There are 2 protein chains.
Amino acid sequence: MKIALAQLDYHIGNFEGNLDKMLAAVEQARALGADLVCFGELSVCGYPPRDFLEFDDFIRRCHASVEALQKVSHGIGIVVGSPSRNPLVEGKDLHNSAWFLYDGAVLGIQHKALLPTYDIFDENRYFEPATEFHTVSFKGKKVALSVCEDIWNVGNENPLYTICPLDEMMAEQPDFILNISASPFDYSHAALRIHTVRANVERYKIPMFYTNNVGAQTDVIFDGGSIVMSPDGLVFDEMPYFEECLRVYELAEVQQGGRSVEQPKEKITLIHDALVVGIRDYFRKLGFKKAILGLSGGIDSAVTAVLAAEALGAENVRVLLLPSQFSSGHSVDDARELAKNLEIQYDMVPIRPIFETFESALKPYFEHLPFNVTEENIQARIRGTLLMAMSNKFGHILLNTTNKSEMAVGYGTLYGDLCGGLSVLADVYKTEVYDLARFLNNLPLGIGGKAGVIPQNSIEKPPSAELRPGQKDSDSLPPYDILDRLLFQYIECRQGPRELAAQGFDEALVTRVLRMVNMNEFKREQAAPVLRVSSKGFGMGRRMPIVGKYLG
Amino acid sequence: MKIALAQLDYHIGNFEGNLDKMLAAVEQARALGADLVCFGELSVCGYPPRDFLEFDDFIRRCHASVEALQKVSHGIGIVVGSPSRNPLVEGKDLHNSAWFLYDGAVLGIQHKALLPTYDIFDENRYFEPATEFHTVSFKGKKVALSVCEDIWNVGNENPLYTICPLDEMMAEQPDFILNISASPFDYSHAALRIHTVRANVERYKIPMFYTNNVGAQTDVIFDGGSIVMSPDGLVFDEMPYFEECLRVYELAEVQQGGRSVEQPKEKITLIHDALVVGIRDYFRKLGFKKAILGLSGGIDSAVTAVLAAEALGAENVRVLLLPSQFSSGHSVDDARELAKNLEIQYDMVPIRPIFETFESALKPYFEHLPFNVTEENIQARIRGTLLMAMSNKFGHILLNTTNKSEMAVGYGTLYGDLCGGLSVLADVYKTEVYDLARFLNNLPLGIGGKAGVIPQNSIEKPPSAELRPGQKDSDSLPPYDILDRLLFQYIECRQGPRELAAQGFDEALVTRVLRMVNMNEFKREQAAPVLRVSSKGFGMGRRMPIVGKYLG
């Protein structure tokens with residue numbers, strides 16, 4: 001039996017686009033002699049569809065896609081992910097299901113039982129869990145069909161859940177496991193995923209075919225990396241990360257044993273690849289081609305510009321240099337050098353004349369008051385307004401260049417440098433941005449394939465917002481290496497003040513930093529969506545009260 | 001037996017503040033001879049605490065508050081809401097519980113079984129449902145203790161749930177039901193709540209004491225309206241809406257029969273009262289006193305200014321008149337008249353000089369291109385920057401004045417008129433804003449208690465953004481009476497294109513409006529939190545994909 005896995009990039013709610021893509025994959029699989037082709041979780045509508053699921057019309061369209069696939073299933077089995085209606089009056093209206101289509105009929109439907117409701121996931125909001133588990137008989141084989149999270153409680157070791165769906169199917173002696181997933185990327189997740197697939201295979205001693213979605217849905221990035229694992233617990237194949245892919249496997253070969261082929265999982269490489277896909281998909285799915293951003297001469301905007309050029313092509317990236325009277329000469333030089341290295345369009349619009357008109361308009365009110373954060377914010381907002389003006393006039397999307405350290409402590413101006421349609425680096429700590437810059441400087445991205453596009457000075461100089469004379473980040477923030485370790489423990493690991501002190505962080509620093517994080521929730525509430533690359537990014541995965549007083 | 005209900009305004013994560021408030025209420029109840037005093041759901045930490053619940057330290061502090069209450073429970077029973085730890089390895093780590101404290105001990109704990117996971121609610125994200133249900137014996141009575149949603153599946157008629165917690169307790173023959181709630185306001189909810197309490201009382205033929213929280217937690221507003229209902233299904237007492245309150249009831253009297261006392265539930269009055277509390281609590285809980293906003297002469301900013309003056313006092317509201325070259329003379333007159341009527345501080349900062357500097361900075365790029373939405377947005381962003389500058393310099397919070405109709409269709413400028421710390425009207429449709437204006441004009445809010453503070457012209461003139469010569473909202477939007485009915489059906493009622501056409505809406509209009517709503521999700525993603533007054537407000541209660549293509 002030949003089994004095709006189709007690792008595709010679906011677009012939420014784009015029923016025509018998703019169906020066309022799946023129909024083409026069915027024909028490709030058929031041409032390659034496949035008996036069965038498998039798509040990912042909720043593939044008809046894209047994952048996560050969120051509250052679109054509450055629209056009856058949306059569910060009808062999902063089912064129309066399933067029916068269209070059913071019609072082309074003559075001679076080839078098709079496993080597709082779609083919501084299905086819960087026939088019972090009680091419980092949520094929908095199930096999250098894998099549909100097994102064959103010869104124009106529905107051969108079986110397996111609903112998902114383990115509904116992730118944590119971090120970015122809201123499945124209990126929409127779905128009723130499965131209570132029945134049966135294999136599907138197909139061409140003389142028995143298939144243990146499952147959806148995503150249902151393989152993540154092997155041996156009942158996951159404390160979140162009380163049942164283990166595959167255990168329930170084993171009495172029927174399935175020949176192999178098929179799992180259709182929408183398992184989002186973070187830089188540690190691919191390793192975890194292989195570990196989980198292996199735990200299942202070792203428990204049940206049968207092969208597993210695991211199809212994952214690929215591509216970004218705004219903030220959430222799916223990395224693909226679909227897995228075929230042999231009963232010996234070795235990887236028979238791992239599909240590429242961040243690319244669409246369709247491959248056909250002979251079941252008998254997979255049963256004979258794996259080949260231990262696994263891709264390297266280097267953190268900065270993965271983050272880089274994820275961010276490039278994240279940018280590319282955001283533009284493509286919204287129907288935009290061109291990005292704009294402000295280039296300050298600093299490291300964050302430099303890295304963002306390089307990633308944008310990689311994602312969209314240098315010809316589609318435009319930058320503005322927006323110096324103020326506080327910008328140092330080298331900042332403009334560094335920014336210009338980067339733009340030249342990347343061969344991207346750049347223009348310079350000094351903001352001083354505009355700043356001065358603001359000053360004179362506000363003079364009656366501010367006259368006898370000292371220069372403070374107000375004037376710093378005005379400069380940042382002038383820049384935001386200029387960038388948005390160019391973006392509005394010429395149809396760019398403005399990319400935001402804030403990093404995770406700044407976003408965490410609120411070191412940034414709402415409606416100023418926090419402007420943008422997409423935040424590229426706000427899940428990447430400042431210290432990781434440096435790693436990313438060094439990584440990028442090893443790539444042949446310059447003219448004639450030259451490496452080192454980011455000026456060394458942008459990497460080496462002390463970070464500064466340059467919003468008042470001689471300003472340095474270190475005037476108001478702890479050193480980034482300490483800050484980032486502390487933020488990681490608080491944000492990713494959810495350690496409280498007592499635990500942080502026990503880890504050796506200075507107590508006064510802990511109090512100060514946690515307070516900064518919590519007091520700035522109002523800024524993150526209004527920030528652009530953030531490409532998620534860690535296990536705890538800002539956005540839907542981290543839901544904090546704004547008026548909360550805790551540690552504030 | 002004397003039972004005190006304490007309807008209090010808790011502050012999320014403000015453990016000291018919440019505890020002090022409850023300790024004072026215990027002493028007040030004791031002084032009034034109460035045998036028992038009941039607080040609301042998650043009263044120790046405030047509701048909804050969101051992901052703070054994932055911090056072990058946060059749970060420890062909850063338990064420290066419970067212990068502090070336990071210590072003062074000599075001679076008086078105390079029912080308090082707090083998370084409790086799930087002792088089992090499997091399932092979520094926490095329960096959402098009602099703790100019954102008495103004489104220094106824990107007399108009983110009842111966990112919540114029905115965990116709302118829809119709209120603004122995420123309880124399955126944090127809590128494991130109860131599986132055991134027992135009454136608590138207290139001073140010779142048996143108490144059926146329950147938390148919020150657990151009374152909302154009476155007779156198993158709620159399709160969301162499969163169990164009915166109170167049914168499970170009835171074998172123990174309780175004397176009365178006690179429910180501690182955090183049941184948020186929308187303008188139709190108070191009536192529904194009484195209906196639900198009545199359905200329980202009619203089923204079980206025993207009295208119910210229902211305590212609700214009051215006050216706003218950013219966007220979510222709790223209206224109080226705690227209920228005591230007699231076994232005859234008549235209301236014995238309904239506590240005031242939007243105010244803290246503590247009252248003591250003699251159980252024997254309640255058992256004898258209700259008095260049918262219910263407060264009027266007029267939609268616009270309720271919305272008005274909710275918005276005033278929403279503003280007041282946002283400021284108080286963030287430690288701010290003063291609001292600023294831009295006054296355009298239009299209806300939305302006029303209504304927002306009046307509400308702010310009611311909530312914070314006229315002396316704490318400051319407005320800016322920010323006319324451009326496209327502002328009509330009457331706009332400035334209307335704005336000035338309102339400011340004078342309200343006796344609030346107003347200043348005028350014409351934006352033309354700043355707009356002209358932007359024009360000249362952008363001239364090299366825009367020179368031969370027509371005036372379009374870009375220039376409209378620049379004006380809106382200059383206003384946003386000026387308002388934020390004043391707010392930064394003098395410590396105001398900027399109030400956003402966008403209404404729900406505009407917010408729905410994206411008729412507004414991101415980082416411009418969408419700026420603000422809190423959006424007062426973005427859950428109030430334009431047609432409802434007019435109702436609110438007429439309501440406000442009947443109140444004695446002017447100098448010397450005069451009515452009619454909002455100039456008639458602001459109410460009667462055709463709405464316009466005044467961002468280009470002669471602009472009217474009706475140039476780009478359908479008439480608001482039609483638009484609002486359509487939006488209500490789409491947003492509140494989740495009707496799709498087919499159903500809307502069947503309701504008689506023009507098909508082309510439906511396509512156009514639904515597309516506008518869905519294409520503008522990116523703006524709402526970055527908008528200020530919205531005071532929620534309807535059953536479907538923008539924010540956490542409505543979660544839509546940004547790159548979604550559905551109806552876009």
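## A helix pair in chain A

A:Leu483, A:Leu486 and A:Tyr490 of H15(A) meet A:Val510, A:Val513, A:Leu514 and A:Val517 of H17(A). Contact here requires C-beta atoms, placed from the backbone, within 7 Å. By class, this contact of H15(A) with H17(A) holds seven nonpolar, no polar and no charged residues. Nonpolar covers Ala, Val, Leu, Ile, Met, Phe, Trp, Tyr, Cys and Pro; charged covers Asp, Glu, Lys and Arg; the others, Gly among them, are polar.

Helix H15 of chain A spans residues 480-492, and helix H17 of chain A spans residues 507-519. Axes are lines fitted to C-alpha atoms, for helices over the stretch in contact, and angles run from 0 to 180 degrees between N-to-C directions. The crossing of H15(A) past H17(A) is right-handed.

## Basis of the model

This is a predicted model: local features need pLDDT of at least 70, side-chain atom pairs count only at pLDDT 80 or more, and totals for chains, interfaces and linings use all residues. Residues are numbered from 1 along each chain as its sequence is written, while chains are lettered from A and ligands numbered from 1 in the order in which they are written.

Helices (H or I, at least four residues) and strands (E, at least two) are DSSP runs, numbered from the N terminus.

## Domains of chain A

Chain A is assigned domain 1 (2-256) and domain 2 (270-525). The bounds come from an automatic or database domain assignment. The C-alpha centres of the two domains of chain A are 38 Å apart.

In chain A, 11 residues of domain 1 contact nine residues of domain 2. Strand S10 (214-217) and strand S11 (220-223) of chain A each give at least two residues to the domain 1 side. That side has six nonpolar, three polar and two charged residues.

## The parallel sheet of chain A

Five strands of chain A form an open sheet with parallel pairing, in the order S17-S16-S15-S18-S19. Strands pair if DSSP finds at least two bridges between them. Strand S17 (345-348) and strand S19 (422-423) of chain A are the edges, each pairing on one side only. Strand S18 (residues 396-400) of chain A runs parallel to S19(A), joined by two bridges. There, A:Leu399 stands opposite A:Leu422.

Two helices of chain A pack on this sheet. Helix H7 (residues 299-312) of chain A touches strand S15 (290-294), strand S16 (317-321) and S18 of chain A. Its direction makes about 170° with that of S15(A). Helix H10 (residues 373-394) of chain A also touches S15, S16 and S18 of chain A. H10(A) makes about 150° with the direction of S18(A).

## The mixed sheet of chain B

Chain B has an open sheet of six strands with mixed pairing, ordered S6-S7-S8-S9-S12-S13. Its edge strands are strand S6 (136-138) and strand S13 (235-238) of chain B. The average twist from one strand to the next is 20°.

Strand S12 (residues 227-229) of chain B pairs with S13(B) in the antiparallel sense, over three bridges. B:Met229 faces B:Val235 of S13(B) as its opposite residue. Helix H4 (residues 189-204) of chain B packs on the sheet and touches strand S8 (176-181), strand S9 (208-212), S12 and S13 of chain B. H4(B) runs at about 30° to the direction of S12(B).

## The chain A and chain B interface

The contact takes 76 residues from chain A and 75 residues from chain B. Several helices of chain B give two or more residues to its side, including helix H2 (56-71), helix H6 (267-286) and helix H9 (352-366). H10(B) gives the largest share, 13 residues. The chain B side divides into 38 nonpolar, 19 polar and 18 charged residues.

## Backbone exceptions

Most residues other than glycine have a negative phi, and most peptide bonds are trans. A:Lys205 is not a glycine, yet its phi is positive, about 60°. A:Lys205 sits in the loop between helix H4 (189-204) and strand S9 (208-212) of chain A.

A:Tyr47 and A:Pro48 are joined by a cis peptide bond, with omega about 0°. A:Pro48 is in the loop between strand S2 (36-38) and helix H2 (56-71) of chain A. In chain B, a cis peptide bond joins B:Tyr47 and B:Pro48, with omega about 0°.

Methods: A crossing is left-handed if the near helix is turned anticlockwise from the far one by less than a right angle, and right-handed if clockwise.
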